[in-house]
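Here are my notes on the model, as numbered points. Please read them with the structure open.

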Amino acid sequence: MTKRALVTGITGQDGSYLAELLLSKGYEVHGLIRRASTFNTARIDHLYTDPHSPDAKLFLHYGDLSDGARLVTLLAGIDPDEVYNLAAQSHVRVSFEEPEHTADTTGSGTIRMLEAVRLSGIKTRFYQASSSELYGATPPPQNEDTPFYPRSPYAAAKLYSYWITKNYREAYGLFAVNGILFNHESPRRGETFVTRKITRAVAAIKAGLQENVYMGNLDAIRDWGYAPEYVEGMWRMLQADEPNDYVLATGVGITVREFLQIAFEHAGLDWQEHVLFDERYLRPTEVDALIGDSTRAREKLGWTPTVNGRELARLMVDADIEALRHEGRAWIDKVNLQSWKTPTVQGSI
Ligand code: NAP
Ligand code: GDD
């Protein structure tokens with residue numbers, strides 16, 4: 001029997017890798033996408049085939065986590081074996097500027113999904129994209145037993161989602177799990193998250209297209225892993241015998257400054273000659289240090305990450321230098337719209 005999965009947030013970094021993984025395992029994959037005035041499917045275009053074809057395995061459906069009725073209809077129609085709820089307003093800094101929207105999407109969106117599962121009467125397994133941001137001000141190492149202390153509207157919304165997922169597991173016997181994922185990156189990472197912002201800047205500076213990049217707090221420590229390995233962990237959580245919550249992390253924490261240093265050095269550049277400070281990239285409350293302990297996932301799921309932040313810096317610089325070489329002017333124009341080149345265009349992200 002072909003398994004069916006529904007992925008919200010399929011157009012995002014994780015959604016695209018998860019769709020690839022599920023298709024490679026023979027799943028029929030359904031994705032929720034938002035209607036936009038321009039195409040927003042660049043990360044999954046390579047997976048898409050004409051839905052009229054008998055070989056089609058990927059199906060996209062318009063919808064939004066703010067529209068509960070639509071979610072019920074979709075779930076009842078698709079009747080998936082597994083649901084991966086990855087959709088969210090996922091940018092921490094932006095959540096201070098759009099706290100209400102973040103609460104609606106990143107928080108209430110989860111209860112709409114869970115209610116859609118319940119009201120549609122389907123039998124499915126449910127993955128919730130929880131986050132190491134939940135730990136916030138609690139010092140590392142952090143594992144499943146570490147107390148939460150959220151430090152942003154984003155983290156507070158994810159905290160609600162974490163507990164409501166657990167509540168539906170206990171109240172209704174739903175196979176629902178929280179994946180508490182530490183930062184994970186890739187060449188598909190959104191351009192305004194710090195790793196990708198840095199590696200794109202390195203590529204542009206190396207090519208002589210810009211001189212500087214403006215950054216915020218360089219002292220923050222993050223445990224950066226590789227996104228394709230993390231979506232494998234998500235899938236493993238839904239294959240377990242019993243539902244449980246799991247941390248996914250490499251256990252290696254490095255500062256933003258060290259990531260900068262490695263990324264610039266890898267391209268033969270000195271970061272101190274190109275990095276400038278702009279306070280707009282600071283957050284009203286910062287998360288100083290996240291370093292995860294993923295012993296439970298390693299022991300119970302056999303999940304082992306192999307790429308840490310230092311290796312990622314090099315991998316992502318190589319990918320951005322190659323992308324610039326390949327896409328040329330179009331890539332540069334995209335760069336020009338990004339915040340490091342013209343900070344006033346994009347606001348404080
Ligand atoms: P991402 O690249 O920002 O993707 C977010 C996805 O959510 C996109 O597909 C976006 O659609 C969709 N989305 C946003 N608002 C929506 C709405 N109202 N209705 C329907 N879809 C909506 O995020 P990611 O890095 O792949 O992360 C995936 C999930 O894991 C997120 O929930 C994130 O908070 C969480 N997480 C991420 C990390 C990490 O390090 N990457 C760590 C822990 C947890 P558009 O393409 O149309 O914008
Ligand atoms: N974005 C950004 N831009 N961050 C900067 C900058 C900058 O110019 N300068 C310094 N930083 C610091 C931030 O203050 C933060 O401490 C760190 O770099 C990482 O920032 P992000 O890459 O934006 O990620 P995040 O850690 O806030 O959130 C990401 O990881 C969470 C899991 O811990 C997101 O993917 C969240 O969705 C995810 O839940």
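1. Start with Leu18, which touches Val7, Tyr84, Leu86, Val231 and Met234, where touching means heavy atoms within 4.5 Å and residues up to four places away in sequence are not counted. The model is predicted: local features need pLDDT of at least 70, side-chain atom pairs count only at pLDDT 80 or more, and totals for chains, interfaces and linings use all residues. Residues are numbered from 1 along each chain as its sequence is written, chains are lettered from A and ligands numbered from 1 in the order in which they are written, and side-chain values use heavy atoms, with hydrogens and water left out.

2. Leu18 belongs to the largest nonpolar core, which has 34 residues; Leu18, Leu22, Tyr84 and Tyr127 have the most contacts inside this core. A nonpolar core here is a set of buried Ala, Val, Leu, Ile, Met, Phe, Trp, Tyr and Cys residues joined through side-chain atoms within 4.5 Å. Buried means under 20% relative accessible area, exposed over 50%, and partly exposed in between (1.4 Å probe, protein chains only).

3. Two or more residues of this core come from each of strands S1 (4–8), S2 (28–33), S5 (125–131), S6 (175–181) and S11 (246–248), and from each of helices H1 (13–24), H7 (227–239) and H9 (295–301). H7 gives the largest share, seven residues. Helices (H or I, at least four residues) and strands (E, at least two) are DSSP runs, numbered from the N terminus. Another core, of 25 residues, lies apart from this one and includes Trp224, Val256, Met316 and Val317.

4. A backbone N or O atom of Gln13 is 3.1 Å from an oxygen atom of ligand 1, and a side-chain N or O atom of Asn40 is 3.2 Å from an oxygen atom of the ligand. At Leu65, a backbone N or O atom lies 2.9 Å from a nitrogen atom of ligand 1. Of the 910 Å² of accessible area that ligand 1 has on its own, the protein covers 89% (Shrake-Rupley method, 1.4 Å probe).

5. Around ligand 2 there are 23 residues, with Ser131, Ser132, Tyr154, Arg283 and Glu286 the closest. A backbone N or O atom of Thr192 is 3.0 Å from a nitrogen atom of ligand 2. Oxygen atoms of the ligand lie 2.8 Å from a polar backbone atom of Val194 and 2.7 Å from a side-chain N or O atom of Lys197.

6. Is Gly107 buried or exposed? Gly107 counts as buried because its relative accessibility is 2%. This residue lies in helix H4 (residues 99–120) and touches Thr102, Ala157, Tyr160 and Ser161. The C-alpha atoms of Gly107 and Lys158 are 5.8 Å apart, although 51 residues separate them along the chain.

7. Thr110 is also found in helix H4. With a relative accessible area of 1%, Thr110 is buried. Beyond four places in sequence, Thr110 is in contact with Asn85, Thr105, Gln128, Ser161, Ile164 and Thr165.

Terms used:
Polar contact = N/O pair within 3.5 Å; in protein donor to acceptor, adjacent residues only side chain to side chain. Near = heavy atom within 4 Å.
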